[in-house]
Amino acid sequence: MGIPPDGPGEVLVAVRGGSETYAAWSRTNTPLARNARVVVVDSLSARSVIVEPLPA
């Protein structure tokens, strides 16, 4: 499952040489496919982020 338009999904974020899982919401309110590359644009809390698709 990717990130649905109306709720959280999950993303892996590279942190300190490893990766960590964060709850993620789409900034554009459009669904994002599983394995889509994204950019974190804001944080809602310590473990929740807002993302948008990585520009081509």
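Val 11 lies in strand E1. Here a strand is a DSSP run of at least two E residues, a helix is a run of at least four H or I residues, and both are numbered from the N terminus. This is a predicted model, in which local features need pLDDT of at least 70, side-chain atom pairs count only at pLDDT 80 or more, and totals for chains, interfaces and linings use all residues. Residues are numbered from 1 along each chain as its sequence is written, and side-chain values use heavy atoms, with hydrogens and water left out.

Start with Val 11. Is Val 11 buried or exposed? Val 11 is buried, because its relative accessible area is 10% (buried means under 20%, exposed over 50%, partly exposed in between, with a 1.4 Å probe and protein chains only). Setting aside neighbours within four places in sequence, Val 11 is in contact with Ile 3, Glu 20, Thr 21, Tyr 22, Ala 24, Val 38, Val 49 and Val 51. Contact means heavy atoms within 4.5 Å. Ala 36 sits 25 residues from Val 11 along the chain, and their C-alpha atoms are separated by 9.3 Å.

Tyr 22, one of those partners, lies in strand E2. Tyr 22 is buried too, with a relative accessible area of 13%. Beyond four places in sequence, Tyr 22 touches Gly 9, Glu 10, Val 11, Val 13, Val 15, Ala 46, Arg 47, Ser 48 and Val 49.

Which residues make up the largest nonpolar core? There are eight: Ile 3, Val 11, Val 15, Tyr 22, Ala 24, Leu 32, Val 49 and Val 51. Strand E1 (9-15), strand E2 (18-26) and strand E4 (48-53) each give two or more residues to this core. A nonpolar core is a set of buried Ala, Val, Leu, Ile, Met, Phe, Trp, Tyr and Cys residues joined through side-chain atoms within 4.5 Å. In soluble globular proteins, nonpolar side chains tend to be buried together.

Now the loops. Arg 16 is in the loop between E1 and E2. Arg 16 is not a glycine, yet its phi is positive, about 50°. Arg 16 is exposed, with a relative accessible area of 76%. Asn 35 lies in the loop between E2 and strand E3 (38-45). Asn 35 is not a glycine either, and its phi is positive at about 70°. Its relative accessible area is 72%, so Asn 35 is exposed.

Step back to the whole chain. The chain has four strands and zero helices. Along the sequence the pattern is β-β-β-β. Buried residues make up 25% of the 56 residues. The radius of gyration is 10 Å, which agrees with the value near 10 Å for a compact globule of 56 residues. That radius is taken over C-alpha atoms, and the globule rule is 2.2 Å times the number of residues to the power 0.38. Along the principal axes, the C-alpha atoms fill a box of roughly 30 × 25 × 20 Å. Among contacts between residues at least 6 apart in sequence, 37% join residues at least 24 apart.
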